Amino acid sequence: MRTINEQEFIQEYNKVYGKILGAERKKRKLTLEKLSSGIMSRTMLDRVEKGTVQWTKMEGDTLMLRMGIPPEYFESLASGEDLERWRSREDICLLVPEQPEEAAAAIHNYRKKYKKREPLEEQFLLKAEVILMLIGQRTGGREASAVILDTAVEAVNCTVPDGWTQGLESFCLSPGELDAVLLASAALFINGRKEEAGQLWQAVWDYPGQHGWRERVTAMTLPQAVILGIRMASASDGFFDAAFIPDITMGRMAARGRETLELLRRNSCHCYVLPLLDCLLEFDAVLFDEPEYPEQLKDFRKMFRDIYAWFNYPGYRIWQGISVDNTRDAGMTLKMLRTFYGKSRENAVFDGDELVITPRQLERIEKGLHKPSYQNYGRLAKQYGKFGGWNMPLLETDSLEVLEQRQLISTLMEYRKWEQAEWEFEKFRRSVNPASRRVRQELLFFEAILKEIKGSDLRECLEMLLEAMRCTVPDFEDRDMKWWVFQREEIMIASNIGSLYRRLGHLEEAKRWYEAVLFSIEQNSFRTGIFHYGFDIAYKNYDNYLGDIRCIDNTVKYGESMILKSLLLFRISSIEDLFYHIAWNAYEIAAEKPEEYASFRQVWEKAFRISESMAGFMYDSALKGFLEKRREKYLQ
């Protein structure tokens with residue numbers, strides 16, 4: 001990898017996302033027309049790849065997802081309106097299918113409020129309507145079934161070219177678009193066109209493997225597919241036993257269902273997990289070849305039911321296929337940077353000596369009422385040393401393989417697989433350019449964590465993390481860090497800095513770091529209600545600090561709020577730790593408040609049991625061992 005100097009990096013940074021997108025498109029021998037079809041014009045995609053245009057998060061995520069690439073490799077900026085629309089769609093997701101009347105009203109209000117919609121937005125709304133119609137289909141008769149099929153086909157046609165009913169392999173489709181095809185398959189089935197339904201289902205099931213999708217993208221599609229397959233096999237009375245559709249039989253669907261559950265477990269996902277467990281538990285135990293397997297399924301189902309009931313969260317909901325856990329609001333970002341540097345709006349609207357926008361326009365952008373242009377955002381942010389546009393990779397690289405390698409190391413650390421993490425880290429070190437500041441930051445961060453695990457001097461590890469923070473955060477020693485726009489890796493680094501200060505006995509300094517990063521996350525989450533990636537790590541470290549100073553009165557409620565935020569995300573990778581923290585806090589509070597002992601005991605016992613079960617679901621062997629040693633304490 002060639003060395004990139006700072007000035008060149010500034011000029012090229014906005015283009016990196018487009019470069020990766022274009023490189024992957026060419027690697028797969030996809031034309032501009034094929035990848036962009038139904039989303040944007042060929043010319044628009046060409047300009048996206050060159051980094052010269054603004055695009056919405058929904059468009060950018062879908063382009064990557066069409067190639068099976070998780071958007072989590074990238075950090076994004078979105079306008080206030082983009083995030084407001086996302087939030088409104090998420091509200092619909094939380095209502096469908098359990099509250100059909102409220103969901104129908106929310107869909108109507110979305111259409112009324114947003115007259116101009118992207119094809120992907122209209123597809124989402126139509127899919128939600130199809131699901132609601134399928135729920136009420138039992139009393140609708142043949143005419144209603146025909147309407148369902150027409151609406152399902154219309155949903156697919158929003159973004160998918162003609163010819164999809166004859167096969168999908170030649171098309172570029174995202175998980176959300178495959179969801180629409182699955183609904184068309186379900187609609188064909190209830191209209192008595194079972195052979196067509198089965199063939200379309202098979203095409204969806206095969207699609208991720210045929211196109212080399214990453215597991216975390218595959219996990220966004222296969223749960224829905226296997227649930228539908230099980231329902232069709234159960235209702236078909238052997239119809240699909242014919243040789244032309246061998247997969248839709250009860251035996252094959254039991255195997256597919258188990259395979260899909262393992263996919264969710266490996267990737268710490270809970271999307272559609274409860275309906276999948278319901279389906280699997282309808283099978284005869286002999287189909288699994290393991291007599292004890294249904295008991296494990298029952299334990300998992302009980303755990304998820306307990307979690308969803310505790311937090312009044314809909315275990316039966318739909319997912320819209322994109323997430324904002326790595327996204328910052330453009331207006332809030334500009335406001336926080338301006339505050340961090342102590343600038344007034346009147347001074348912040350200049351790019352050198354030239355006025356970019358008026359102070360009034362900046363105020364509206366900061367409030368999320370106005371969308372800044374791609375160019376104007378770049379000019380306004382550049383004065384703060386913040387470069388990059390609406391999508392940017394986590395590292396300064398145009399290599400998707402390097403981003404995947406970085407993600408693997410992070411995941412191995414997440415599950416405390418330190419030897420494997422160290423081995424992958426050494427490979428990673430040889431693959432990247434240490435002269436780039438975000439790469440240098442990542443190297444310092446990984447090395448500091450691995451040194452700490454090996455028992456190195458904590459002060460040395462702390463200095464490495466502070467150096468890592470300096471790679472991207474200017475002069476933080478003299479500024480109020482809570483107004484810094486902490487990006488993904490900065491959240492992790494700041495949280496660990498606070499942790500090391502705590503372990504070294506510098507509690508005030510630890511508090512300063514914890515409260516700064518948590519305040520920053522809160523500000524960034526203001527418009528969506530979604531906390532950004534790494535918030536759980538920041539909270540857990542802060543919770544340890546509160547335990548040290550015995551300030552634990554509100555920690556159970558705080559922990560519950562963190563878990564509720566986690567449930568809104570596809571991945572719930574740290575949720576088992578969060579439940580243990582609730583158990584610990586409830587136990588400690590009860591010791592100080594004997595009059596509330598009984599109620600807190602119920603909390604800690606329930607939280608501890610969920611933590612145990614979730615550690616098993618996640619294959620978190622390190623936590624399982626930790627909890628086993630403490631079982632007698634919490635479950636007397």
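**Exercise 1. Find which residue in strand 5 is the bridge partner of Glu-75.**

Step 1: Helices and strands here are DSSP runs, numbered from the N terminus (helices are H or I with at least four residues, strands are E with at least two). This is a predicted model, where local features need pLDDT of at least 70, side-chain atom pairs count only at pLDDT 80 or more, and totals for chains, interfaces and linings use all residues. Residues are numbered from 1 along each chain as its sequence is written, and side-chain values use heavy atoms, with hydrogens and water left out.

Step 2: Now zoom out to the strands. Strand 1 pairs with strand 5 (residues 391-393) in the antiparallel sense, over three bridges; two strands count as paired if DSSP finds at least two bridges between them.

Step 3: Strand 1 also has strand 2 (residues 327-329) as a partner, running parallel and joined by three bridges. There, Ser-76 sits opposite Thr-327.

**Exercise 2. Work out which residues of strand 1 lie on each side.**

Step 1: Recall the pattern: in a regular strand, side chains alternate between the two faces of the sheet.

Step 2: Sort the residues. Phe-74, Ser-76 and Ala-78 go on one side, Glu-75 and Leu-77 on the other.

Step 3: Check the cover. Five of the five residues in strand 1 (residues 74-78) are buried. Buried means under 20% relative accessible area, exposed means over 50%, and partly exposed is in between (1.4 Å probe, protein chains only).

**Exercise 3. How many disulfides are there, and how far from Cys-93 is the nearest cysteine sulfur?**

Step 1: Count them: zero disulfides turn up, a disulfide being a pair of cysteine sulfur atoms within 2.5 Å.

Step 2: Look at Cys-93: the nearest cysteine sulfur belongs to Cys-271 and is 12 Å away. Cys-93 itself is buried, at 0% relative accessible area.

**Exercise 4. Describe the salt bridge between Arg-87 and Asp-91.**

Step 1: Get the distance: the closest N and O atoms are 3.3 Å apart. A salt bridge needs a side-chain nitrogen of Lys or Arg within 4 Å of a carboxyl oxygen of Asp or Glu, and the structure has 57 of them.
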